[in-house]
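Subject: The structure, and what turned up in it

Hello,

Here is the structure I promised to pass on to you. Please open it next to this email, and then read through the notes below.

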Amino acid sequence: MVVLVVATTSDAASATPAAAFLAMPGWTPGPSIPDGVESFANGAGVRLLRHARGIVEEDDLDLRWEAATGERVSEVVLLSRHTAVSNRPALTVHPIGVPHLRDGVDVPPQGGRPGWAAPPNPRIGPWLRLLRRIAADRGLVPEFEITLEGTHHGPVTNTPTLFVEIGSTEEYWGRQDAADAVALLLWKGLGLGEEESVGNWHGNGEKVLLGIGGGHYAPRHMDIVTKDGVWVGHLLSGYSLPMEEPKQMNGKSVADVGGMWKHSIKVSYEATKAAFPGGEIIAHIDQKSFKGWQKNAITSYLQELNIRVGKPNDFF
């Protein structure tokens, strides 16, 4: 089993940390696979893949690697730029998918397949906390915000996946100090130094947060995830839960609330459950981000799916 770290030369926020990672010890050239994807190997378990196209455009790289090399892929880590209206410098971590989009109707603006969510990489929570420590130690804080993002965009993958991004403008995408922090996250997180890797899931009945609601940077979920020991699944921001209000909610059932919100929750829950075998998936709802009818509909639907709803203390 190997971990794929994927970078593109078309994006400074991807290419620069990839180069810093490759400058660390132990790398050897690996096989190329079709369509101009080159690779490098570090030990028996880590492969860095590099191509020249948009990072969200290269679907099924895990399956393509397995077909070309015979090596099974256990997880995928993708390196990319982050953009934000605020232009604030940031280092971010997030799961991927566009579960709220309608198949045959919506065109994903940044890759992926409508209605799909990749299994979230169990390292998301542990790596966010590790990244916060690395960034603080290297003097990037408070200039850089270290944060989660909600589930969004592609490419399509079939194994547990996470993105690590540098934001939020061209001034920061190529910043060497930010790239070095990401490279160190990869080095420590994948256990390529003398320490054990960070974020290995063992499935001992531990609790996993499924984030429901809130803004793109999941502030109320972040309040929980920054605590040691919390595992993170999909994070569905409000825009990933499109809901159509019935004309009259009194006496209406959850079935009367239209939109893709139920599909988005179900697909994201199933993907999270697949990524955390043996874990207890608990929904954490950003209560203040919903109107009363929305909250009631979501709570009822979670009960239908036998998904427990937890308060912050339930995750510790």
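In this predicted model, four strands form an open sheet: its 4 strands follow the order E10-E9-E11-E12, with parallel pairing. Strands here are DSSP runs of E with at least two residues, helices are runs of H or I with at least four, and both are numbered from the N terminus; two strands pair if DSSP finds at least two bridges between them. Strand E10 (231-236) and strand E12 (308-309) are at the edges, and because each has a single partner strand, one side of each is left without a neighbour in the sheet. Strand E11 (residues 280-285) runs parallel to E12 and is joined to it by 2 bridges; Ala 283 stands opposite Val 309 of E12. Helix H7 (residues 261-275) lies across E9 (207-212), E10 and E11, at about 160 degrees to E10. Such angles run from 0 to 180 degrees between N-to-C directions, with axes fitted to C-alpha atoms, for helices over the stretch in contact.

A word on how to read all this. Residues are numbered from 1 along each chain as its sequence is written. As the model is a predicted one, local features need pLDDT of at least 70 and side-chain atom pairs count only at pLDDT 80 or more, while totals for chains, interfaces and linings use all residues; side-chain values use heavy atoms, with hydrogens and water left out.

There is a second sheet to look at. In this open sheet, 8 strands have the order E2-E3-E4-E1-E5-E8-E6-E7, and the pairing is mixed. Strand E2 (27-29) and E7 are the edge strands, each with a single partner strand, so one side of each lacks a neighbour in the sheet. From one strand to the next, the twist averages 20 degrees. Strands E3 (residues 38-42) and E4 (residues 46-51) run antiparallel and are joined by 5 bridges, and Ala 41 has Arg 47 in E4 as its bridge partner. Helix H5 (residues 176-189) packs on this sheet, touching E1 (2-8), E3, E5, E6 and E8, and makes about 165 degrees with the direction of E8.

Now for the domains. The chain is divided into domain 1 (1-188) and domain 2 (205-312), with bounds that come from an automatic or database domain assignment. Their C-alpha centres lie 25 Å apart. In contact (heavy atoms within 4.5 Å) are 31 residues of domain 1 and 28 residues of domain 2. About 2200 Å² is buried between the two domains, 63% of it from carbon and sulfur atoms; buried area is the accessible area (1.4 Å probe) that two parts lose on being put together, summed over both. Of the area that domain 1 buries against domain 2, His 100, Arg 129 and Leu 148 supply 27%, more than any other three residues.

Which residue forms a salt bridge with Arg 129? Asp 228 does, with the closest N and O atoms 3.7 Å apart; the rule asks for a side-chain nitrogen of Lys or Arg within 4 Å of a carboxyl oxygen of Asp or Glu.

Last, some backbone details. Most residues other than glycine have a negative phi, and most peptide bonds are trans. Asn 87, however, has a positive phi of about 65 degrees. The bond from Gly 154 to Pro 155 is cis, with omega near 10 degrees, and a cis peptide bond also joins Gly 167 and Ser 168.

Happy browsing!
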